[in-house]
Amino acid sequence: MIEMFKNKKVIKKYVAFVHGVTPEEMKIDIPLKKHKEKGTEIAITNLKTLEQYELQIQGEDRFYSLVQLELETGRYHQIRRHLKAIKHPI
């Protein structure tokens, strides 16, 4: 397993429930600030919408999406930060 991680043979996929209606598929390519440093670094997340939901809460329609996320890079809180940047927070 260690060798697989070192050689980037492991594909990391996550599922998240987010606010709003997300596109069917998209690549989020937004550089992120380094943790506790001034510079930025490349960060890429691939998003795929699995389901979309419309809920009525206290008489108000709210929209949510269930998404699958695949990381091409692994940065500090990358998923949370990318989703917030595209206005679909977890």
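Reader: What do the buried residues of α2 pack against?
Author: They pack against β1, β2, β3 (32-33), β5 and β6. The names come from DSSP runs numbered from the N terminus: helices are H or I runs of at least four residues, and strands are E runs of at least two. One caution before we go on: this is a predicted model, where local features need pLDDT of at least 70 and side-chain atom pairs need 80 or more, while totals for chains, interfaces and linings use all residues. Also, numbering starts from 1 along each chain as its sequence is written, and side-chain values use heavy atoms, with hydrogens and water left out.

Reader: Which residues in α2 are buried, and what makes a residue buried?
Author: Q78, I79, H82 and L83 are the buried ones in α2. Buried means under 20% relative accessible area, exposed means over 50%, and partly exposed is in between, using a 1.4 Å probe and protein chains only.

Reader: How do you know that the buried residues of α2 line one face of the helix?
Author: Look down the axis of α2: the buried residues fall within an arc of 120 degrees, so they line one face. That arc is taken from the directions that run from the helix axis to the C-beta atoms. There's a handy rule behind it: an α-helix has 3.6 residues a turn, so residues three or four places apart point the same way.

Reader: Why is K87 called exposed?
Author: Its relative accessibility is 67%, and the exposed label starts over 50%.

Reader: What makes up the largest nonpolar core?
Author: Ten residues do: A16, V18, I28, L47, V67, L69, L71, I79, L83 and I86.

Reader: What does I86 touch?
Author: Leaving out residues up to four places away in sequence, I86 touches M26, I28, I30 and L47. Touching, or contact, means heavy atoms within 4.5 Å.

Reader: What makes β1 and β2 edge strands?
Author: Start with the sheet: four strands form an open one in the order β1-β6-β5-β2, with antiparallel pairing. β1 and β2 (25-29) each have a single partner strand, so one side of each has no neighbour in the sheet. From one strand to the next, the twist averages 35 degrees.

Reader: How do you know that β1 and β6 pair?
Author: Seven bridges join them, and two strands pair if DSSP finds at least two bridges between them. So β1 and β6 meet that rule. Meanwhile, α2 packs on the sheet, and its direction makes about 65 degrees with that of β5 (44-57). Such angles are between N-to-C directions and run from 0 to 180 degrees; the axes are lines fitted to C-alpha atoms, for helices over the stretch in contact.

Reader: Why is the pair of E72 and K27 called a salt bridge?
Author: The closest N and O atoms are 3.4 Å apart. The rule asks for a side-chain nitrogen of Lys or Arg within 4 Å of a carboxyl oxygen of Asp or Glu, so this pair passes. E72 is in the loop between β6 and α2 and K27 is in β2, so the pair ties together parts 45 residues apart in sequence.

Reader: How many salt bridges are there by this rule?
Author: Three. Another is E41 with R75, at 3.8 Å; E41 lies in β4 (residues 40-41) and R75 in the loop between β6 and α2, so parts 34 residues apart in sequence are tied together. E60 also pairs with R62, at 3.7 Å.

Reader: What makes R62 partly exposed?
Author: A relative accessible area of 31% does, as that lies in between the buried and exposed cut-offs. R62 is in strand β6 and touches Y53, E54, L55 and I57, not counting residues up to four places away in sequence.

Note on methods: Core = buried A, V, L, I, M, F, W, Y, C linked by side-chain atoms within 4.5 Å.
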